[in-house]
Amino acid sequence: MTSATARLLKHSCPLSAIPADHHCLWGDLAVIPPRPLLLEADARLLPTKRTGLSDHWWTSRSQGGIDNKGQPIEALSDFRGHRPIYALAAGAGDGMENRGKRRPLVLYGGTLFEHFGHLIVDLSRLYQLLPLFRRSREPIWFHYPALTENGTINNPLVLSWLECLGIRKRARVLRRTLLAEQLVSSPVLYRDRCFVTSDFPRAAQQALAPKLRRRLLALEPEGAPIAYLSRHRLNGGTTRFEGEQEVVEALGKLGNVDVICPEELSIESKLGLYRRYRLVTGFVQAAMLLKYFLPVPTTGSLAEQLLLVAGRHSLNSNWVNLENAYGFGDQMLDCSIDSHTSIESVTSEIASDSGSEFQRHHRFNVGLVIDQLRTLASH
């Protein structure tokens, strides 16, 4: 964020300066060095299978890769925080030496999740591969836990993101064991609430299809300089911020602010917000992750971002890790009411098939948000 803009915000803080013990923060802070591609000879990819364990969604299925010694390939395991997701059971590769369809080369892109935030950032294995295999005709294989047996990918968000990446026709879902004479993949460049690798920006900013990147680079700022991404029309999700309707009504009276509901836009239109506006703000939400995929031809060519947070566990450490990896200079505004009076429920994991209601509710300092945005809109 420019120093001039930052000076207008009395209560904001650079994302990069948020301490590990901040009351809003949830997760670990780390940017780690790059790691090499994963190359495994005579490996097997096992499809997603139901385990019969229904106590938790993350144990209800299993999936992964097996090396030529019959052991799980740890780098292909998924995690949320420090919790394994759909982990293979011990001995999953026993007795499978001659089972499965054999292919000379297998490109593995990771797991497709239907929750939008996890869909776009948990595919970091794929983003590492795309610059190397963009012109290849080889299919790219994925695990897709939400897929029903004998089904096809029909989730609009998943299909749209694959289209944005330019690989919709190359995407294949693992439905049976696949034997690879040579398996090519990558350790994750991003792990939820744990770390981001220093090469994630390079990979993510090259992930979009070349034609889409060119269209986005052709966009010019237009209309109001500030976009407020509102959640007030959502009927479900992770967090509902009580009082946002009042903020929206106040901002509707300002000529320099556009109130936007991201769920009403296509992914390409959401990406375009960061070229069309000077500042994008709102309570932390998955749509804001799209900034990290925009090509950046020159310094300052993307909208600055001001994240609004309120209450315990309202700021996932991913945002700080991404800021520290990218160095955009984005800011956070803590809108919490005194922590003893805010309404907070116990934080829970996000499942791809979570219900339509909100997992938690937070109150926030409505007046502070309105005052700060009025100040920004007047300059």
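Mentor: Start with one term: a contact means heavy atoms within 4.5 Å. Of the contacts in this protein with a separation of 6 or more, 79% are between residues 24 or more positions apart.

Trainee: Where does the model come from, and how are residues numbered?

Mentor: The model is predicted, so to speak of local features we need pLDDT of at least 70, and side-chain atom pairs count only at pLDDT 80 or more, while totals for chains, interfaces and linings use all residues. Residues are numbered from 1 along each chain as its sequence is written, and side-chain values use heavy atoms, with hydrogens and water left out.

Trainee: How many helices and strands does the protein have?

Mentor: The protein has 10 helices and 21 strands. Both are DSSP runs numbered from the N terminus: helices are H or I with at least four residues, strands are E with at least two.

Trainee: What share of the residues count as buried?

Mentor: Of the 379 residues, 53% count as buried. Buried means under 20% relative accessible area, exposed means over 50%, and partly exposed is in between, with a 1.4 Å probe and protein chains only.

Trainee: Which residues have the most contacts inside the largest nonpolar core?

Mentor: Ile120, Tyr127, Trp161, Phe200, Phe293 and Leu315 have the most contacts inside that core, which has 69 residues. Helix α4 (residues 156-165) gives the largest share, 6 residues. Another core lies apart from it, with 23 residues, including Ala250, Leu333, Ile370 and Leu376. A nonpolar core here is a set of buried Ala, Val, Leu, Ile, Met, Phe, Trp, Tyr and Cys residues joined through side-chain atoms within 4.5 Å.

Trainee: What does isoleucine 120 touch?

Mentor: Not counting residues up to four places away in sequence, isoleucine 120 touches Tyr127, Trp161, Ala286, Leu289, Leu290 and Phe293.

Trainee: Why is helix α9 called largely enclosed?

Mentor: Helix α9 (residues 317-326) is largely enclosed by the rest of the structure because 9 of its 10 residues are buried. Among them are Trp319, Leu322 and Tyr326, but also Asn318 and Glu323.

Trainee: What is at its two ends?

Mentor: At the start of α9, a side-chain oxygen of asparagine 316 reaches to within 2.9 Å of the backbone nitrogen of asparagine 318. After α9 comes glycine 327, with a positive phi near 70°.

Trainee: New topic. Is glutamine 63 buried or exposed?

Mentor: Glutamine 63 is buried, at 6% relative accessible area. It sits in strand β5 (residues 61-66).

Trainee: Which side chains does it have polar contacts with?

Mentor: The side chain of glutamine 63 makes a polar contact of 2.9 Å with that of threonine 111, and one of 3.5 Å with that of aspartate 78. A polar contact is a pair of N or O atoms within 3.5 Å; within protein, one must be able to donate a hydrogen and the other to accept it, and residues adjacent in sequence count only if both atoms are side-chain atoms.

Trainee: And salt bridges, how many are there?

Mentor: The count is 8. The rule is a side-chain nitrogen of Lys or Arg within 4 Å of a carboxyl oxygen of Asp or Glu.

Trainee: Last one. Where is valine 257?

Mentor: Valine 257 lies in strand β16 (residues 257-260) and is buried, at 8% relative accessible area. From C-alpha to C-alpha, valine 257 is 6.7 Å from proline 225, and the two are 32 residues apart in sequence. Leaving aside neighbours within four places in sequence, valine 257 is in contact with Ala224, Ile226, Tyr228, Leu251 and Ala377.
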